[in-house]
Amino acid sequence: MSAMRTQSKKKANGSVSRTGAKTVLGSRSVSALRLRLSSDAGGLLALVGVLLALSIMAGLRFERPITIYVAGEIASQDITADEDLLLEEAEATQRKREQVSSAQPPVYDLSHEVVTDLKRRVTTILDQIAQTPTEELERLRWQISESLNSEISSRSLFMWRTDEFRQALTGTILPWLETYFDYGVVGEKRLLLPNRGGIIIRDLGNDQESLKADLQLIRDLGQFRADLEHYLRIDLKKPIRFRRAVEDIIHPMSMPSLTFNREATQSRKREVMEAVEPVYTQIKKGEIIVRQGERVTSDQQLKIQALYTRQKSFFMPMQASGIFIIGFLLLLGLYFSTMEVRTRDLAVRDAVFLGSVFLLFGLMAKVLAVIKTPLAQGIVFANMSPELFPYLLPAAGAMGVLALFFPVVICFFAGLLIAFLCGKLAGGGLELVIFYFISGMFNVFFIKRAQNRIELLSSVFPLMGALLLCWVGVLMLGSPSSAGIWSGTVLVFTCGLLSLLAVLALSPITEHVFGYTSRFKLMELMNLEQPLLQELMVNAPGTYHHSLVVSNMVEAGARAIGANPLLGKVAALYHDIGKLKTPHYFIENQFGCGNKHDKLAPSMSALVLISHAKKGVELAREHKLGPEIVDIIQQHHGTSLITYFYHKAQEQAESRGEEAVREEDYRYPGPKPQTKEAGLILLADVIEASSRTLVDPTPSRLKGHIQKLIRTIFTEGQLDESELTLKDLHLLTDAFLRILTGIFHNRIEYPGDKAESQSSQSGSKPVAPPMYPMHQ
């Protein structure tokens, strides 16, 4: 309940304020969660221990190791792949790499130094000739011939000495030559033609690369000589003597400008070969590699060896660690989910119960994973694929059991953890985890809507429909074999029945062992033939009638504000069972006999009234009514003051000159109501009892009386921890007014009643209302 003072909820801090028309409990901080985790360390450690045990269990392998057969041997058993596997084909991979390598274009270096060197050597020769005397020319001719490795004629030598030749060579021919060689000239073009993909030309001048796909455009030295002859004869129109002189000095020094780079080419080939993906043969999970009695081939031997090398050890630490880490994060999410204002905290009892459910269904999942092969060889499941067996696990039943005792938000995170753990323990993939989770959440929805056990039994039909639809989705994802669609359908329907049986079997055990109170138990407790209610009706009929009226008020109020009407109604029926110990000390059970409090001191009377809450808790625990009802019985008076006896004690103390009376001695010990249902019962209890003191309970007076009491209780802070808002209090006023108006409605006065009423009034004085409330 929002209030101006700061209050703490059970085991968590929250700031509450009364500002505006609607007030809600403030959000809890991370420090509040830390405080809660530290206070519930025992339960959290229990869950972590269960999670660790299941993670270790998931890492265990019980499959028999694969037997290796050599090619030519007869297999003594079937060898089946236990997982999807890609087997590399070495020969096919090598052929593919060689094919890619042969298609890789070779690298040729384009060098501009070839023409530069040629120009330098030509200039050197021409300078030597120009500086050599005539009588020494013959000796120089032979030296140049030796240097060029080509015999130079005397005519060419004398042509080289002329200025015309020098100017034509350096001014026209050599620039043309430079342009020609810069495009790229190879030694022999025929060596390039096998490279159908072209060649890569790497320019050594600027380190740029280009791909030449059309090798016909590449020139070689033979074509260069022909092009030079054509250029001299056609373009320059030089005579044959001049052309021979040019060819004698140019041809011996002509070198290819494009040269093959073997190292770079091999490096490129290695790179592309390494980039080639290996050729794999896919082996599907469940595929039979070799059958019993068959002779093993070389290919089958390689597959068996590959499966053997991939065979996991008896324990897989990485898988166990991964499951534990993810499960721990989901477990933290479960605890974080209880930070929601309207969600109760997880007590140690809750943690132990959750851990028991995790452990039980985790063990069932592991058993299904271990007995796959024996089931496959059985009579009933002879034609069923072992990979379908995990779909038999009633994980939806586990989440259904949780739905009986926990809110939806806790069921969501707990169900997610159950689906993940059971899916991994059963050896399934993501599809199996999704199947478990979705089917479980549907079961949570169906069970939350069931109001009795008949509706619970009927929920199996929509659950089977949801399971079947989810199974169709799994089939479309392609996880199980489509050949097993009918077998899987049978398993899915069996899973629905097992889930229902799990809920029916585990719910009473859970209620008995952990003390939970399910909706169905509440329906049983609401039966007026219950021993406690029967005893209350016989020994304390006034309290019994009062409880019936309060239960109707609480039910109406709970429906108006969205609380739990069933829990509120049942708790209201039992909230005053503590009065069974001393029924005649409460005015509603005195029926005209003497008031026993007249002979008691106010302090003793207050103790008698206060004790009925404690005795009610004891009776509730003795009769196993459940912790929710026990808490409400303990909280249904909060820490309110027993005003009548407190003021009476004050008057007596003043008249005797004694010390002032302590207010704490006349207050209920509490605690204050912690839930909406407890706050509802506190309000309805006080309003119903005090409304009986009204002389003329008209609707307007009842409404004013209700509003006054609610305002008083609210101002005293009795509702600060109950999550009730101002809007809720407004709705409760209308709901309580409807019930009380129906109880105190006017009747038609019959003629005989009128005379009797006048006789009664003339013969007796009216009975004054009691000096203290009818019900404390």
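What percentage of the 776 residues in the chain do buried residues make up? In this predicted model, buried residues account for 47% of the chain. The secondary structure comprises 31 helices and 12 strands. Among contacts between residues at least 6 apart in sequence, 78% join residues at least 24 apart. The chain exposes about 39,300 Å², and carbon and sulfur atoms supply 57% of this area.

Helix H29, covering residues 699-715, was examined for its geometry and its burial. With 17 residues at 1.5 Å a residue, H29 should span 24 Å, and the 24 Å separating its end C-alpha atoms agrees with that expectation. The buried residues of H29 are Leu-702, His-705, Ile-706, Leu-709, Ile-710, Ile-713 and Phe-714. Viewed down the helix axis, these buried residues fall within an arc of 160°, so they line one face of H29. On the other side of the helix, Ser-700, Lys-708, Arg-711 and Thr-715 are exposed. The cover over the buried residues of H29 includes helix H28 (676-691) and helix H30 (726-743). Just after H29, Gly-717 adopts a positive phi of about 85°.

Most residues other than glycine have a negative phi, and most peptide bonds are trans. Against this background, the peptide bond from Gly-670 to Pro-671 is cis, with omega near 5°. Pro-671 belongs to the loop that connects helix H27 (643-656) and H28, and H28 is also among the elements that cover the buried residues of H29.

Asp-207 has a phi of about 60° and is located in the loop between strand E7 (199-203) and strand E8 (208-212). With a relative accessible area of 57%, Asp-207 is exposed, since the cut-off for that class is over 50%. At Lys-237, phi is about 55°. Lys-237 is placed in the loop between helix H8 (221-235) and helix H9 (240-250), where its relative accessible area of 66% classes it as exposed.

On the surface, a nonpolar patch is formed by Leu-430, Ile-434, Ile-438 and Phe-442, which together have about 340 Å² of accessible area. One of these residues, Phe-442, lies in helix H17, which covers residues 430-449. Phe-442 has a relative accessibility of 38% and therefore counts as partly exposed.

A further partly exposed position is Asn-552, for which the relative accessibility is 36%. Asn-552 is part of helix H23, formed by residues 541-561. When its neighbours within four places in sequence are left aside, Asn-552 is in contact with Lys-569 and Ile-739. The C-alpha atoms of Asn-552 and Gly-568 are separated by 9.4 Å, with the two residues lying 16 residues apart along the chain.

Methods: Residues are numbered from 1 along each chain as its sequence is written. This is a predicted model: local features need pLDDT of at least 70, side-chain atom pairs count only at pLDDT 80 or more; totals for chains, interfaces and linings use all residues. Side-chain values use heavy atoms; hydrogens and water are left out. Patches are made of residues with over 30% relative accessible area and no salt bridge: like charges are joined within 9 Å, nonpolar side chains (Val, Leu, Ile, Met, Phe, Trp, Tyr) within 5 Å. Accessible areas come from the Shrake-Rupley method with a 1.4 Å probe; for residues, only the protein chains shown count as cover. A salt bridge is a side-chain nitrogen of Lys or Arg within 4 Å of a carboxyl oxygen of Asp or Glu. Helices (H or I, at least four residues) and strands (E, at least two) are DSSP runs, numbered from the N terminus. Buried means under 20% relative accessible area, exposed over 50%, partly exposed in between (1.4 Å probe, protein chains only). Contact means heavy atoms within 4.5 Å. The expected span of a helix is 1.5 Å times one less than its number of residues. The arc is that of the directions from the helix axis to the C-beta atoms.
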